[in-house]
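Hi,

Here is the model I said I'd pass along.

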Amino acid sequence: MAKKMLITGASSGIGKAYVDHFQDKYDLITTARTEKEWITDPGDITDRDFRTELIEKHQPNVVINNAGGFRGSFEETYHLNTIAAGHIFEGFYDKMMPYTHIFNVVSYGIRMYGWQDMSKERSYYYSSKKAFYEFANNVNMSKNRPVHVVNLVPGIVKTEMVDADLARRIKINQGHVEEKDLDYYLKENYHRGKIPFHSFFPIGREDLPIISEFIMTLPDYINIDEIVVGMFNKQQLPGKPTTQ
Ligand SMILES: NC(=O)c1ccc[n+]([C@@H]2O[C@H](COP(=O)([O-])OP(=O)(O)OC[C@H]3O[C@@H](n4cnc5c(N)ncnc54)[C@H](OP(=O)(O)O)[C@@H]3O)[C@@H](O)[C@H]2O)c1
């Protein structure tokens, strides 16, 4: 019988990259609100009943706990990134078979302490991810169950969302600053000592499934608690890196 992998946030971006990479290797259980042909269990993970149904219905060998993102308010952001992600993590951690895997897609933002004029949305996002990460890490450290828990901590991943954002930032930096973008530009360019986001080489979305697959080849007695996937600044690299 084929092993089962459950992927949340599978309609686009990183989640879709997991679908593409693992579709021939696992029976996939996929969720998102948007109904696409590859989504098996459409629904909203901020709905407690939907999450409970998902947890009760499925017994996967691998969970990619990936759905998340920016939202406009503290409450909405925590609801998605902390409460929903935390419930899905806990629900599956408590029921999965020994030596199965849960990958939590967190964010490099958990290492950030903020900067001058940072946007409110980014504060909600980073801190909600950090709260979830602390919970998952504490549960993982307890080793109350022999389930592999890996917190994936990526920097900027090249997804449609990030592409659109980068295009906008480049346009702004070329001098075509529209009034509506000005406030955003001023706030976001304070990131990491005024190095703007677009000066980093983003991580390919296909890189994360490859990392997960490698971790799953390791012996059962090893647990990789955390993988931090950082980035180089473009100015530090001579020429283009091989895969981008
Ligand atoms: N891109 C980056 O630079 C980056 C870096 C570090 C970490 N991350 C994290 O990686 C994860 C995936 O992000 P991404 O960049 O791939 O963004 P994305 O393309 O916007 O994907 C987000 C996924 O989550 C789903 N989702 C959002 N809200 C949902 C809800 N209420 N119920 C069910 N599904 C929901 C979306 O599907 P629907 O809209 O169809 O529901 C979509 O499939 C997120 O947790 C994000 O925080 C991203």
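Below is what came out of it, starting with the ground rules.

This is a predicted model, so local features need pLDDT of at least 70 and side-chain atom pairs count only at pLDDT 80 or more, while totals for chains, interfaces and linings use all residues. Residues are numbered from 1 along each chain as its sequence is written.

Overall fold: the protein chain has eight helices and eight strands (DSSP runs numbered from the N terminus: H or I of at least four residues for helices, E of at least two for strands). Of its 244 residues, 32% count as buried, meaning that 20 or more other C-beta atoms, placed from the backbone, lie within 10 Å of the residue's own.

The core: the largest nonpolar core has 44 residues, and I7 and I102 touch the most other members. Such a core is a set of buried Ala, Val, Leu, Ile, Met, Phe, Trp, Tyr and Cys residues joined through C-beta atoms within 7 Å. Helix 3 gives the most to this core, with seven residues.

The ligand: 27 residues surround it, with G9, G13, R33, T34 and G68 the closest (the cut-off is a C-beta atom, placed from the backbone, within 6 Å of the ligand). Helix 1 (13-22) and helix 5 (160-173) each supply at least two residues of that shell. Helix 1 is also mostly covered, with seven of its ten residues buried, among them G13 and K16.

Cheers

Notes: A residue is buried if 20 or more other C-beta atoms lie within 10 Å of its own, exposed if 12 or fewer, and partly exposed in between; C-beta atoms are placed from the backbone.
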